[in-house]
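Thanks, everyone, for making the time this morning. I would like to walk you through one model, going from overall properties to a few backbone details.

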Amino acid sequence: MTVAAARAAELRTRPSAAPRVLADPAPAPSRTGLAGRTTELLQAMIRNACVNDGTVGSGHEARNARAVADALDGLDLEVEWVEPRPGRTSLVARLRGTDPEAPSLALVGHTDVVPVEPEGWTRDPFGGELVDGWVWGRGAIDMLGLTSAFTVVMRAVAESGRRLRGDLVLAAVADEEHGSTWGVDWITQHRYDLVDVDAVLTESGGVPVGSRGSRTIAVGEKGGAGRRLRVVGRPGHGSGPYGSLNAIVLAAEAVRRITAHRGPVVIGDLWRRYVDALDLAPDVRAALLDPARIDDALPELGALASVAHATTHTTVAPTVLHAGSKPNVIPGLAEVTLDIRVLPGATPQDVADLLDDALGDLREHVHVEGDWFGEASQSPTDGAAYAAIERAVRAHAGADVVPVLGTGGTDGRFFRRRGVPAYGFGLLSEQWDPGVFRSLFHGNDERVDVESLGLTATALHDVVTSYLG
């Protein structure tokens, strides 16, 4: 189905130059009301099971696009449906402001989720169960909960009768979990007019850190430089392994060297500000800010050690291994996929040098394939959108904001690379531990508390009306 056909078939809201105006604008919605509506939409989206396994035919995000459309039904919005491939559907809705010259804001939330391993779950990963104030299911925090809050706030603003000066855009997008090829990447290349705004809010923010309960806001993220190792040995019979050149053994040694290699350490301003927000003994703090000592100090951070390492290092993670074809044949070829994430300022040559240093004399057997490079991205912390986030977090959590560098990928990078500031938003309740929160991303028993959904939606409403009003 083409984009035009999808829009013709699905468009049910009325396009208008501006939202309808009520004689008496409605009061700001309550946190309880926002939490309830966000919870209901989140449960529906979890149950739609829009699982993206990386293949073109997976995802089926049309189901969640429809759920978002139903939640916006009856409003005076400009709505576009985008479907580059059958079922890989994104929905973009725009609420026009009164001043075309005023700043505009996009709420960009993805609607796909990663696969699950059901045997590791306590509850049905696609049941969307509400138990003791918690919503369980794949996507609860990554990021269907936030996409639901984006949708609920869009509706609340549109039906309030309050005329905002700037445009508000909601983009419920496909395929974020596999590089955004059929989502934001496609939209920004082919229909940028739909998401042409002055600032963007997306995922990865609002996690409590330190005794003061400061909340993180992602202002940037690492880049990527995925590579594949082609390991060449010599095939032979499995009954005579002595003296053989087994590609699996060579690949294992290559992986061991790469994972043990200590590359350059970068202590940047964002990492310093994060360390300042933690409750650390002076000697631990000093070690974490010292490139020569940080690796030895990482265990002091417990579950946050992986965050600390990823924030200060270019990381290389072997993720896929292919080798062998028959139990009695020593393989002569193996392939290893590497997930490489780079810090701001890193270059493709830096990646090549790191792998060369790690592999050493194995390079005669190991060929590095691939040259893709996506640079890191970062937004400023002194603009109007960032200030609006700070005000909302202080108002609703009584906490300061700590800007951080995201270690994973989000749709925000596509906007930052066009010069548009993008921030990872959210506001989790105080009961969250940052290590636990991180472990639930792509992990078992993913869940979110209704209190956090209400906090997020209420703070988001303030950000929207403050920045656009």
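This is a predicted model: local features need pLDDT of at least 70, side-chain atom pairs count only at pLDDT 80 or more; totals for chains, interfaces and linings use all residues.

What does the accessible surface of the protein come to, and what percentage of it belongs to carbon and sulfur atoms? The accessible surface is about 19600 Å², and 51% of that belongs to carbon and sulfur atoms, with areas taken from the Shrake-Rupley method using a 1.4 Å probe, and with only the protein chains shown counting as cover for residues.

Residues are numbered from 1 along each chain as its sequence is written, and side-chain values use heavy atoms, with hydrogens and water left out.

On overall form, the radius of gyration is 24 Å, which agrees with the value near 23 Å that a compact globule of 469 residues would have; the radius is taken over C-alpha atoms, and the globule rule is 2.2 Å times the number of residues to the power 0.38. The C-alpha atoms fill a box of roughly 85 × 60 × 45 Å along the principal axes. The secondary structure comprises 15 helices and 20 strands, defined as DSSP runs numbered from the N terminus, with helices being H or I of at least four residues and strands E of at least two.

Buried residues account for 53% of the 469, where buried means under 20% relative accessible area, exposed over 50%, and partly exposed in between, for a 1.4 Å probe and protein chains only.

Turning to the backbone, a cis peptide bond with omega of about -25° joins Asp142 and Met143, and Met143 sits in the loop between β5 (134-136) and α4 (144-160). Two residues other than glycine have positive phi: Ala49, near 50°, and Asp445, at about 55°. As background, most residues other than glycine have a negative phi, and most peptide bonds are trans. Ala49 belongs to the loop between α2 (31-47) and α3 (62-71) and counts as partly exposed because its relative accessible area is 23%. Asp445, in the loop between α14 (434-440) and β20 (447-449), is buried, since its value is 14%.

Finally, Pro241 lies in the loop between β12 (236-237) and α6 (247-260) and is exposed because its relative accessibility is 53%. Its C-alpha is 7.6 Å from that of Ile330, although the two are 89 residues apart in sequence.
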